[in-house]
Amino acid sequence: GLQIGIVGLPNVGKSTLFNALTKNDVLAANYPFATIEPNVGVVGVPDPRLGTLAEIFHSERVLPATVDFLDIAGIVKGASEGQGLGNKFLANIREADAICQVIRVFTDPDVVFADDKDAPDPKSDIETINTELILADLQTIEKVLPRLQKESRMKKDLQEKVAAVEQAQKLLETGTTVFAAGLDPAPLHDLHLLTAKPFIYVFNLDSDELANEPLKQDLRSLIAPAEAIFLDAKIESELIELPEDEALELLQSIGQEESGLSQLARVGFDTLGLQTYLTAGPKEARAWTIRKGATAPEAAGVIHTDFQRGFIKAEIVSFDDLVACGSVAEARSKGKARIEGKDYVMADGDVVEFRFNV
Ligand code: GDP
């Protein structure tokens, strides 16, 4: 599946967060046949609609969509020059589909600050990481650009790509990431530039700052237009050990409605350009992951490749209509069940039953 790589300077709370991600037992509990790599944490994307579907269909269990997080070693200043784990870290991060940077805002004086600082410095940390990623991308470009330019003199269809790479190079030289500049990543795709990946920022705060809106606004302004998640990694690792009701109590005691991990899963899912459609029956109520814009046969293929090959049609009731009608039978009699063909583009909240030939 698609994976989000976790990066950050040393001692920002990456391991604490990642341990919470891997202790999350969504996958172990619900997907017994999936293999879990030790450096991958799987988090369920919270979706209250599944609980409602499970009530309507008397489903035995609920299976949410999931997001994979990949543990990547910390970045230190000079990583692009081979400091720390250097190129090894860069190779790992290249495989990720999006990058989640953890930034220290918590103050604990017992935990040493990166780069000989004596207080949190989110702005400087973000710049340090960006600089390393930008330098790595510039190295990548310097390696391929001369050959591309030469080839494009013969192959005219390469000229657009060369122009895109040259534009990216200019931007990177000014210290801007490809993602922040909003460049079209498509012509740059096979360069696997690190800064072309979508970014998510996790600010690791002291729990008593989680409701500090001015602080959060300041932090957001450092990373716009990327998405920000605010959490306390230590609390997250405690939440994951608690039964649901006690977890909710702990969350409420720090003024939060939802765990940081859940928020992270939801934002991550969105950042990866994914959406879900829903199925439900007596066995399970389930969210299936598709990319935004997927057609009905592509959506069927996520359940089984045979479903895509033998696709005939899909019977679709929107979640809201289903809830209003109370059952699929009632939705049918009220004309709320649509029959869609192979060109139908799936919409969020579609509750689906596929018809297919085997
Ligand atoms: P990493 O180097 O980025 O993986 O950082 P770790 O997760 O190993 O955390 C470094 C230290 O900071 C550990 O002693 C953690 O217990 C502590 N730590 C992590 N997150 C928090 C936090 O949110 N608040 C406080 N007070 N300490 C934290």
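Leu-90 is found in helix α4, which spans residues 86-94; helices here are DSSP runs of H or I with at least four residues, strands are DSSP runs of E with at least two, and both are numbered from the N terminus. This is a predicted model, in which local features need pLDDT of at least 70 and side-chain atom pairs count only at pLDDT 80 or more, while totals for chains, interfaces and linings use all residues. Residues are numbered from 1 along each chain as its sequence is written. Leu-90 counts as buried because it has 21 C-beta neighbours inside 10 Å. A residue is called buried if 20 or more other C-beta atoms, placed from the backbone, lie within 10 Å of its own, exposed if 12 or fewer do, and partly exposed in between. Leu-90 and Leu-133 are 43 residues apart in sequence, and their C-alpha atoms are 8.3 Å apart in space.

Ser-333 lies in helix α15, residues 328-333. Ser-333 counts as exposed, because 11 C-beta neighbours are found inside 10 Å. From Ser-333 to Ala-180 the separation is 153 residues in sequence and 50 Å in space, C-alpha to C-alpha.

## The sheet

Six strands form an open sheet in the order β2-β4-β1-β5-β6-β7, with mixed pairing; two strands pair if DSSP finds at least two bridges between them. Its edge strands, β2 (40-44) and β7 (227-231), each pair on one side only. From one strand to the next, the twist averages 25°. Helix α5 packs on the sheet and touches β1, β5 and β6 (199-204), its direction making about 145° with that of β5. Such angles run from 0 to 180 degrees between N-to-C directions, with axes fitted as lines to C-alpha atoms, for helices over the stretch in contact. Helix α11 (residues 260-271) lies across β1, β2, β4, β5, β6 and β7 and runs at about 170° to β7.

## Strand β1

Strand β1 (residues 3-7) is largely enclosed by the rest of the structure, because five of its five residues are buried. In a regular strand, side chains alternate between the two faces of the sheet. Both faces of β1 are covered: Gln-3, Gly-5 and Val-7 are buried on one side, and Ile-4 and Ile-6 are buried on the other.

β1 runs parallel to strand β4 (residues 66-71), to which four bridges join it. Within this pairing, Gly-5 stands opposite Leu-70, and Ile-4 stands opposite Phe-69. Four bridges also join β1 to strand β5 (residues 98-104), again in parallel. Here Ile-4 stands opposite Ala-98.

In soluble globular proteins, nonpolar side chains tend to be buried together. The largest nonpolar core of this model has 84 residues, and Phe-69 and Val-202 have the most contacts inside it. Helix α5 (residues 122-154) gives the most to this core, with six residues. A nonpolar core is a set of buried Ala, Val, Leu, Ile, Met, Phe, Trp, Tyr and Cys residues joined through C-beta atoms within 7 Å.

Leaving aside residues up to four places away in sequence, Val-202 touches Leu-17, Cys-100, Val-102, Ile-103, Ile-229, Leu-231 and Leu-264. Contact between two residues requires their C-beta atoms, placed from the backbone, to lie within 7 Å.

## The shell around the ligand

There are 16 residues around the ligand, of which Gly-13, Lys-14, Ser-15, Thr-16 and Asp-108 come nearest. A residue is near a molecule or strand if its C-beta atom, placed from the backbone, lies within 6 Å of it. The helices α1 (14-23) and α9 (233-239) each supply at least two residues of this shell. The largest share, three residues, comes from α1.

The shell divides into five nonpolar, seven polar and four charged residues. Ala, Val, Leu, Ile, Met, Phe, Trp, Tyr, Cys and Pro count as nonpolar, Asp, Glu, Lys and Arg as charged, and the others, Gly among them, as polar.

## Backbone features in loops

Asn-11, in the loop between β1 and α1, has a phi near 65°, a positive value in a residue other than glycine. Asn-11 is partly exposed, because 15 other C-beta atoms lie within 10 Å. His-58 also has a positive phi, about 50°, although it is not a glycine. The place of His-58 is the loop between α3 (48-57) and β3 (61-63). With 10 other C-beta atoms within 10 Å, His-58 is exposed.

A cis peptide bond, with omega about 10°, joins Ala-224 and Pro-225. Pro-225 lies in the loop between α8 (213-223) and β7.
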